Amino acid sequence: MDFADFPFRLYLVTDQKACLGRDFFWVMEEAIKGGVEIIQLREKDLATPAFTEKALRLKEICSKYNVPLIINDNVEVAKSVEATGLHIGQKDESLQQVKSLLGSHYPVGLSLEQASELTKAGSEFAWYYGVSPIFTTPTKADTYTEWGLNGLQNLRQMTSKPLVAIGNIKVSNAESVIRAGADCLAVVSGICSDPSPAKAAEEFRNQIEKSIS
C-alpha cells in the first residue's frame with residue numbers, strides 16, 4: 001500500500017465487549033459486508049500470543065474482502081501477522097521508535113487528543129491522525145476534553161493529513177462530523193453493538209456519501 005494513500009471513509013475499531021456476547025468474527029464480517037473499509041483490532045487486555053491468534057483469524061476475514069487490518073499499539077503483533085498498519089496513541093511508543101522497528105514506510109496512524117500534539121517530534125510522519133474524542137464517550141475515559149465540531153474544523157485548517165474522527169460517532173451526527181473536516185469516521189459501539197452490524201455500517205456509509213456529495 002502506498003504510504004500516502006488513505007482512501008477510506010468508514011473505519012471500525014473493535015471492542016469485544018461491545019459485541020454483546022455475539023461471535024466477534026461474525027460481527028466483523030457483517031460490518032465489512034455493510035461497508036466498513038478498514039478495521040483496527042484493539043485488544044488492550046490480551047497477552048501478545050492471544051492477540052496474535054485473534055489477529056490472524058481476523059486477517060483471514062479482512063483478506064477475503066480486501067480490507068486492511070490495523071493493529072492497535074502492539075508492534076510485535078503487527079509484525080508477526082503482517083498487518084497493513086499500526087495505530088498508536090500519545091502514551092504509546094513514539095512514532096520514531098515504531099518506525100525503527102517496522103520500517104520507515106510502514107503505515108502508522110497516530111491519535112491526537114489536542115492540537116499541540118501536531119508539533120511533537122515525528123508527528124508529521126503519521127499515516128493519518130485519529131482525532132480523539134470528537135465527543136466524549138465511555139469507551140475512552142482516559143482522554144482530554146472533547147474536540148467538538150469547532151475543534152475539528154480548526155484542526156482541519158492546520159494539517160492536510162487524513163483525519164479519522166472517533167468518539168461517540170453516531171449515524172445522527174456522522175454527516176456533521178464529515179462536513180466539519182473529517183475524512184473518515186471511526187466507529188466502535190455504533191456498529192459492534194447494533195443488532196445488525198451490516199445494516200449499521202450501511203447507514204453510516206449512506207450518511208458519509210450524503211455529506212460528500
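Modeller: Two strands are said to pair if DSSP finds at least two bridges between them, and the strands themselves are DSSP runs of E with at least two residues, while helices are runs of H or I with at least four, both numbered from the N terminus. The model is predicted, so local features need pLDDT of at least 70 and side-chain atom pairs count only at pLDDT 80 or more, although totals for chains, interfaces and linings use all residues. Residues are numbered from 1 along each chain as its sequence is written, and side-chain values use heavy atoms, with hydrogens and water left out.

Biologist: How many bridges join strand 2 to strand 3?

Modeller: Three bridges link strand 2 (residues 38-41) with strand 3 (residues 69-72), and the two run parallel. Within this pairing, Ile39 has Leu69 as its bridge partner, and Gln40 stands opposite Ile70.

Biologist: What runs between strand 1 and strand 2 as the chain crosses over?

Modeller: A crossover is called right-handed if, with the strands pointing away from the viewer, the path from the first strand over the helix to the second runs clockwise. Here the chain passes from strand 1 through helix 1 (residues 24-34) to strand 2, in a right-handed β-α-β crossover, and strand 2, helix 2 and strand 3 likewise make a right-handed β-α-β unit.

Biologist: Which way do the side chains of strand 2 point, and are they buried or exposed?

Modeller: In a regular strand, side chains alternate between the two faces of the sheet. Buried means under 20% relative accessible area and exposed over 50%, with partly exposed in between (1.4 Å probe, protein chains only). In strand 2, Ile38 and Gln40 point one way, Ile39 and Leu41 point the other way, and all are buried.

Biologist: Where is Glu43 found, and which residues does Glu43 touch?

Modeller: Glu43 lies in the loop between strand 2 and helix 2, and is buried because its relative accessible area is 12%. Contact means heavy atoms within 4.5 Å, and, leaving out residues up to four places away in sequence, Glu43 touches Gln16, Phe51 and Lys54.
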